[in-house]
Amino acid sequence: MALPKEESNRAIITVLGRDQIGIIAWVSGRLAEYNVNILDISQTIINEFFTMIMVVDINPTNLELVALSRMLEDEGRDKGLQVKVQHEDIFTFMHRI
Amino acid sequence: MTMTLTFAREEIQQTISMIHDENLDIRTVTMGISLLDCVSEDINVLEQKIYDKIVKNAGKLVSVGEQMSARYGIPIINKRVSVTPIGIVAANMNSEKMVRIAKALDRAAREVGVNFIGGFSALVQKGFTIGDLALIEAIPQALSETEFICSSVNIGTTKAGINMDAVLKMGEVVLKCAQLTADKDGIAAAKLVVFCNAPEDNPFMAGSFHGVGEPECVINVGVSGPGVVAKVVKKYPEADFSELSNLIKQTAFKITRMGELIGRAASKELNVPFGIIDLSLAPTPAIGDSVAEILENMGLERCGTHGTTAALALLNDAVKKGGAMASSHVGGLSGAFIPVSEDAGMVKAVEVGALTLDKLEAMTCVCSVGLDMIALPGDVSAETISAIIADEAAIGMINKKTTAVRVIPAIGKKAGDRVEFGGLLGGAPVMAIHPFSSKMFVKRGGRIPAPIISLSN
């Protein structure tokens, strides 16, 4: 069984909600402030509904994933966006053997 | 260096939707703690040692659980502790002292912040020790005067047969539990399970205890997810049974992987070995988190009608097949649970007259556990409860599976009235029982011999 790498410290950030100007600027700005490196971004808009999936490397930052998650979720809620920050292992475990 | 998404968009969205829309969660992370080294002749010393050991081992359990939940973005509903059966640890104590130990366990549970602690238990399938008798006598008072204690008594196994003296006694104990907490709809009886073939590594309450073959300390995880299975079954109304089974297997695999992830991560964080995943489908009273709904989505107008046992058999088997592939170690109860009060679909089925006690008994032949969270009329006799226990134990003994009885006599109420336990325990209508007596049968005493299939050596 392929185990995820012990040191894997990548997180998946998902943002869902009505499209508006500056969503990516807001997320990436926040991540830069906290020294979080963006590895990949994928974004689509279907019927004005915005979906973004971002893979980030949280190794360079001291900030706990939990704290990052809480901050983005709270700020996202104010903008009417549903933001989730989850360690990548949850997706690895569910979809990969 | 080029980086690409390592997951398909659909995979990420599926995981998120399973958690947020279909109630996928980790039902429990349960730490099993051995209390065998706490044994003492002095009740004060014993109480202190038990309290200290639980607080030392489980002190970080709740915070680590919350950390894991935030890290992976999946709810972990319950954090719990199970301990060595107290009938063994405190074998030299009388029933009064057993109640004191229950209160010490309760204080320890409160201190570490878990919502239940299991193991106020005795294993009496072949007979009683002095400690077992004291513990059983103490159960009604212990459960009615504590908040977090869960109790279980194993009265039969396939290897040992059924201890009918214990069955008779437990009928009285269940009734007494309900009487002592009549003002709370008999809640003490909802924290007491009577088992046949009890597993020693079950993380689910109320039947969880830390068996004597278990290590010093261990983490066991119980997953959930009836809502996820119900959704997938509903999505494919045309699927034939082979396809249906495969769909459930794939879903059970994904659900169980979540438990495997949390179990490994919590084990590492707490520096405690990872024991098993219990891959049960555990419903909650929440809408859309129902095992009955899965069966109805398979094409039954109401759970409990003809065909229900076959539907449940398919579901239970497919869950095990899918789940077994997803984990290194599967254990505990592992199968679909069919509690009544904890499952909105089961409650509805009882209310409309589709689901009866007799049908539930048949269903327990093909799924995990047994007659669970069922409210009985308040005038039920202790002997009738004993006879219900005997029937379930017989099913477990002959079929080499775990069966259990957790029934709650609703004092002052009759069939059709409603009881409310609150929270995850839910509420339910009182179910009708047979009016004919079983008294002469259960009072015979002695043991029902182990069946011929026990001679497997």
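Helices (H or I, at least four residues) and strands (E, at least two) are DSSP runs, counted here from the N terminus. With that settled, I looked up Asp25(B), which is found in the loop between helix 1 (9-20) and strand 1 (26-33) of chain B. I keep in mind that this is a predicted model.

**Entry: Asp25(B)**

Buried or exposed? I checked Asp25(B) for this. Its relative accessibility is 8%, and the limit for buried is under 20%, so Asp25(B) counts as buried. Then I listed its contacts, leaving aside neighbours within four places in sequence. Asp25(B) is in contact with Ile74(B), Pro75(B) and Ile77(B), and also with Val223(B) and Ser224(B).

**Entry: chain B as a whole**

Next I stepped back to the whole chain. I find 15 helices and 13 strands in chain B. Its radius of gyration is 21 Å, close to the 23 Å from the globule rule for 457 residues, so chain B is as compact as a globular protein of that length. The C-alpha trace spans about 70 × 50 × 50 Å along its principal axes.

I also noted that 61% of the 457 residues count as buried. Taking contacts between residues at least 6 apart in sequence, I see that 78% join residues at least 24 apart. The accessible surface of chain B is about 17,200 Å², and carbon and sulfur atoms hold 53% of it. For the charges, I compared the mean positions of the 43 positive and 49 negative ones, and they are 2 Å apart.

**Entry: Asn154(B)**

I moved on to strand 4 (residues 149-157), where Asn154(B) lies. Asn154(B) has a relative accessible area of 4% and is buried. Which backbone nitrogens lie by a polar atom of its side chain? I found that of Ala198(B) at 2.9 Å and that of Asn197(B) at 3.4 Å. Both residues come up again in the contact list of Asn154(B), which leaves aside neighbours within four places in sequence. That list also holds Phe195(B) and Cys196(B), as well as Ala122(B), Leu123(B), Val124(B) and Gln125(B).

**Entry: Ile86(B)**

My last stop was helix 4 (residues 86-89), which holds Ile86(B). Ile86(B) has 0% relative accessibility and counts as buried. How far apart are the C-alpha atoms of Ile86(B) and Phe120(B)? I get 5.2 Å, for two residues that are 34 apart along the chain. Phe120(B) is also in contact with Ile86(B). Beyond neighbours within four places, the other contacts of Ile86(B) include Leu35(B), Met98(B), Ile101(B), Leu105(B) and Leu135(B).

Notes
Residues are numbered from 1 along each chain as its sequence is written. Chains are lettered from A and ligands numbered from 1 in the order in which they are written. This is a predicted model: local features need pLDDT of at least 70, side-chain atom pairs count only at pLDDT 80 or more; totals for chains, interfaces and linings use all residues. Side-chain values use heavy atoms; hydrogens and water are left out. The radius of gyration is taken over C-alpha atoms; the globule rule is 2.2 Å times the number of residues to the power 0.38. Buried means under 20% relative accessible area, exposed over 50%, partly exposed in between (1.4 Å probe, protein chains only). Contact means heavy atoms within 4.5 Å. Accessible areas come from the Shrake-Rupley method with a 1.4 Å probe; for residues, only the protein chains shown count as cover. Lys and Arg count as positive and Asp and Glu as negative; His and the chain ends are not counted. The place of a charge is taken as NZ of Lys, CZ of Arg, CG of Asp or CD of Glu. A polar contact is a pair of N or O atoms within 3.5 Å; within protein, one must be able to donate a hydrogen and the other to accept it, and residues adjacent in sequence count only if both atoms are side-chain atoms.
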